[in-house]
Amino acid sequence: MQRKLLDILACPIDKHYPLGLLEFSLREGDVIVDGVLTCSECGRYYPIIDEIPVMLPDNLRNRKEDLGFLERWSSKLPDGVVHGGKPWSL
Ligand SMILES: [Zn+2]
């Protein structure tokens, strides 16, 4: 995702704005390839995978994929997300 997209993204659950952003990998042109968006209001995290921010309500999220994401990036994610992020954590 383009970093400037952060200016318009809000949490799909509580509409909190702005979201926190951590970047794991980038490509040219300020495009975030892997990263995470976090909501300080409700504690949810939203993975950015292959440039796409995955911002779904809890009932449409894939628990197995989310936990795989947390494991993959656990060294770069804050402890609060890895062990206490919502809707599920490691
Ligand atoms: Zn939220």
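1. Two residues are in contact if their C-beta atoms, placed from the backbone, lie within 7 Å. By that rule, and leaving aside neighbours within four places in sequence, Val36 is in contact with Leu22, Tyr45, Tyr46, Pro47, Ile48, Leu77 and Val81.

2. A note on the source. The model is predicted: local features need pLDDT of at least 70, side-chain atom pairs count only at pLDDT 80 or more, and totals for chains, interfaces and linings use all residues. Residues are numbered from 1 along each chain as its sequence is written.

3. Val36 also belongs to the largest nonpolar core, which has 11 residues. Such a core is a set of buried Ala, Val, Leu, Ile, Met, Phe, Trp, Tyr and Cys residues joined through C-beta atoms within 7 Å. Buried means 20 or more other C-beta atoms within 10 Å; exposed means 12 or fewer; partly exposed lies in between. Strand 2 (31-38) and strand 3 (45-49) each give two or more residues to this core.

4. Strands here are DSSP runs (E, at least two residues), numbered from the N terminus. Four of them form an open sheet in the order 1-2-3-4, with antiparallel pairing. Strand 1 (20-27) and strand 4 stand at the edges with a single partner strand each, so one side of each has no neighbour in the sheet.

5. Strands pair if DSSP finds at least two bridges between them. Strands 2 and 3 run antiparallel and are joined by four bridges. Gly35 has Ile48, in strand 3, as its bridge partner.

6. Ile52 lies in strand 4 (residues 52-53). Ile52 is exposed, because 11 other C-beta atoms lie within 10 Å. Its C-alpha atom is 9.5 Å from that of Gly35, 17 residues away along the chain.
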